[in-house]
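Here are some notes for a colleague who has not looked at this entry before. They are meant to be read with the model open.

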Amino acid sequence: MTDLLYGRCDACGEDDPLPVSALAEPRACPHCGAARLPFAAPFELGDPRQLDALDRGPLPLLVLYGAAWCGATHRSEEALDAVAAEERGRLVVVRIDVDAQPELAARDRVRSLPTIVWRHRGRETDRHPGALQPEALSAWAALHQRTT
Ligand SMILES: [Zn+2]
């Protein structure tokens, strides 16, 4: 159940639930035939098990830990949205609210907001505490996108 991460075709709006294992595969909507791609916008994590499902998938994750009350988190959102759109199909951008997911924030040792953590196949590969400018984040994303 938690493997089903996004369920609606952008083109026709029909339900088409996809498992996380299908995130990197090109796929046509069974209703209208339009190409389905992974998220073009940051994925808002609602359940810690969704991070486990994404960890089992083929794509690197860019995880931003932030909080609704944090100005530096808000200043990073434009950059995050841009990277999610630019790198669609090559990485998955995940947004985690530390107040809603305190156990994940503790597990990933988040001590300042925002903190960006790169993950691939269940392991942290890099991190950056603090806000990033859009250009810096895009350049960094290019380094971390899937190379296989
Ligand atoms: Zn469709």
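In what order do the elements of the protein chain run from the N terminus on?

1. Overall layout. This is a predicted model. From the N terminus on, the order of elements in the protein chain is β-β-β-β-β-α-β-α-β-α-β-β-α. That gives four helices and nine strands. The protein chain has 148 residues, and 29% of them are buried. Of the contacts between residues at least 6 apart in sequence, 67% join residues at least 24 apart.

2. The sheet. Five strands form an open sheet with mixed pairing, in the order β5-β7-β6-β8-β9. Its edges are β5 (43-44) and β9 (123-129), each of which pairs on one side only.

3. Strand β6. How many of the residues of β6 are buried? Six of its six residues are, so the strand counts as mostly covered by the cut-off of 20 or more other C-beta atoms within 10 Å. In a regular strand the side chains alternate between the two faces of the sheet. In β6, both faces are covered: Leu61, Val63 and Tyr65 are buried on one side, and Leu62, Leu64 and Gly66 are buried on the other.

4. From β6 to β7. These two strands pair in the parallel sense, over six bridges. The chain passes from β6 through α2 to β7, a β-α-β crossover that is right-handed. Within the pair, tyrosine 65 has isoleucine 96 in β7 as its bridge partner.

5. From β6 to β8. Here the pairing is antiparallel, over five bridges. Leucine 62 has tryptophan 118 in β8 as its bridge partner, and valine 63 stands opposite valine 117 in β8.

6. From β8 to β9. These strands also run antiparallel, and six bridges join them. Arginine 119 stands opposite glutamate 124 in β9. The hairpin of β8 and β9 has two residues between the strands, and arginine 121 in this hairpin takes a positive phi near 50°.

7. The nonpolar core. Which residues touch the most other members of the largest nonpolar core? They are Leu62, Val63, Tyr65, Val93 and Val94, out of 28 residues in this core. At least two core residues come from each of α1 (48-56), β6 (61-66), α2 (71-86), β7 (92-97), β8 (115-120) and α4 (134-144). The largest share, five residues, is supplied by β6.

8. Helix α2. This helix has 16 residues and reaches 24 Å from its first C-alpha to its last, close to the 22 Å expected at 1.5 Å a residue. The helix bends by about 35° at glutamate 77. Its buried residues are Thr73, Ser76, Ala79, Leu80, Val83 and Ala84. An α-helix has 3.6 residues a turn, so residues three or four places apart point the same way. The cover over the buried residues of α2 includes β6, β7 and α4.

9. Arginine 88. This residue lies in the loop between α2 and β7. Why is arginine 88 classed as partly exposed? There are 15 other C-beta atoms within 10 Å of arginine 88; a buried residue would need 20 or more and an exposed one 12 or fewer, so the count falls in between. Leaving aside neighbours within four places in sequence, arginine 88 is in contact with Leu37, Pro38, Phe39 and Ala40. Proline 38 is 50 residues from arginine 88 in sequence, yet the two are 6.2 Å apart in space, C-alpha to C-alpha.

Definitions and conventions
Residues are numbered from 1 along each chain as its sequence is written. This is a predicted model: local features need pLDDT of at least 70, side-chain atom pairs count only at pLDDT 80 or more; totals for chains, interfaces and linings use all residues. A nonpolar core is a set of buried Ala, Val, Leu, Ile, Met, Phe, Trp, Tyr and Cys residues joined through C-beta atoms within 7 Å. Two strands pair if DSSP finds at least two bridges between them. Two residues are in contact if their C-beta atoms, placed from the backbone, lie within 7 Å. The expected span of a helix is 1.5 Å times one less than its number of residues. The bend at a residue is the angle between axes fitted to the seven residues ending there and the seven starting there. A crossover is right-handed if, with the strands pointing away from the viewer, the path from the first strand over the helix to the second runs clockwise.
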